[in-house]
Amino acid sequence: MIEILGAGKDYVLDGRIVTAFDGVDLKLDPGEIVSIVGPSGCGKSSLLKAVAGLEPLTRGEVRFQGQPVKGPNPRIGVVFQEARLLPWLTIRENAALAARFSAHRGLVDPHRVDELLFRVGLDGFASAYPSQVSGGMAQRAALARTLLQRPALILFDEPFASLDALRRMELQGWLFRMLKEDGTGALFVTHDLDEALVMGDRVAVMTGRPGRICRLYDVPRPAGAAEPVDLSSPPLEFWELKSSILKDLAATGGLRGALVS
Ligand SMILES: Nc1ncnc2c1ncn2[C@@H]1O[C@H](COP(=O)(O)OP(=O)(O)O)[C@@H](O)[C@H]1O
Ligand SMILES: [Mg+2]
């Protein structure tokens with residue numbers, strides 16, 4: 001569904017070239033979720049922006065459903081670290097917004113808007129304005145907004161970083177099932193290794209800048225299971241995988257960045 005081929009990105013900063021990432025190759029099947037972990041500043045956000053068509057690559061190519069990505073595409077949704085809600089619209093209006101511009105416009109079901117707000121725990125706040133809710137609540141509204149757009153692929157950039165641990169675990173499980181039910185693929189950038197393993201069918205580990213993918217792991221999950229790993233009693237392979245990824249990150253010198261920021 002998505003193919004990243006020899007992708008590289010240079011920025012010019014104070015007259016010198018900063019290569020954010022380079023030589024990145026990755027292919028996702030339809031409905032597949034790939035988590036991306038790597039040290040701070042290794043180009044994860046830059047890579048997502050290129051896949052979203054928000055910033056051009058310097059080298060290489062991104063193809064979505066066989067076509068080169070040249071700009072934003074309503075079939076590719078994005079959930080950033082910050083909610084980016086419109087302050088003059090209510091939570092419900094914000095949630096329904098992207099769907100109005102989506103490939104399924106006209107099919108926006110007001111029940112689905114309310115159902116999604118309920119699922120993210122915002123049903124009592126549908127008429128509130130972004131300034132009247134917490135950062136975590138705004139982020140959950142942003143999640144509902146992107147899911148309502150019904151994209152084939154969602155790019156997540158540390159979407160749960162501002163949430164408390166319980167809400168985060170609850171939303172991880174919920175989002176995983178939601179993506180699997182809808183057959184929506186995802187690239188899921190996170191600093192949290194547990195989260196990477198809960199969300200991903202595979203986990204891609206990136207090196208420090210210029211970031212490239214140094215390892216790709218399959219996450220052991222019963223074949224075809226649409227259930228996330230239960231973090232209260234994770235299988236043994238889960239710990240082995242986590243330890244392996246930690247060693248990879250330590251080897252790239254990225255362990256501090258991965259755990260601290
Ligand atoms: N718009 C920009 N202009 C110049 N440099 C940038 C820009 N965006 C990102 N960078 C640089 O690219 C590198 C990768 O950044 P980023 O993709 O945000 O990393 P990550 O998300 O992995 O922490 C960093 O060194 C950052 O300073
Ligand atoms: Mg980032």
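Helix 5, residues 165–182, has 18 residues, and at 1.5 Å a residue it should span 26 Å; its end C-alpha atoms are 26 Å apart, which agrees. The expected span here is 1.5 Å times one less than the number of residues. Helices (H or I, at least four residues) and strands (E, at least two) are DSSP runs, numbered from the N terminus.

Before I continue, a word on the source. This is a predicted model, in which local features need pLDDT of at least 70 and side-chain atom pairs count only at pLDDT 80 or more, while totals for chains, interfaces and linings use all residues. Residues are numbered from 1 along each chain as its sequence is written, and chains are lettered from A and ligands numbered from 1 in the order in which they are written.

Which residues of helix 5 are buried? They are Leu171, Gln172, Leu175, Phe176 and Leu179. Seen down the helix axis, these buried residues fall within an arc of 135°, so they line one face of helix 5. The arc is that of the directions from the helix axis to the C-beta atoms. On the other side of the helix, Leu166 and Glu181 are exposed. A residue is buried if 20 or more other C-beta atoms, placed from the backbone, lie within 10 Å of its own, exposed if 12 or fewer, and partly exposed in between.

The cover over the buried residues includes strand 3 (33–37), strand 8 (185–189) and helix 6 (193–199). Contact means C-beta atoms, placed from the backbone, within 7 Å. Just after helix 5, Gly183 takes a positive phi of about 65°.

Gly183 is also touched by Pro30, as are Met1 and Gly185, not counting residues up to four places away in sequence. Pro30 is found in the loop between strand 2 and strand 3. Why does Pro30 count as exposed? Because it has 12 C-beta neighbours inside 10 Å.

I turn now to ligand 1. The residues around ligand 1 include Tyr11, Ser40, Lys44 and Arg209 (a residue qualifies if its C-beta atom, placed from the backbone, lies within 6 Å). Helix 1 gives the most to this shell, with three residues.

Finally, the chain as a whole. The protein chain comes to eight helices and 10 strands. Its radius of gyration is 18 Å, close to the 18 Å that the globule rule gives for 261 residues, so the chain is as compact as a globular protein of that length. That radius is taken over C-alpha atoms, and the rule is 2.2 Å times the number of residues to the power 0.38.

Conventions:
Two residues are in contact if their C-beta atoms, placed from the backbone, lie within 7 Å.
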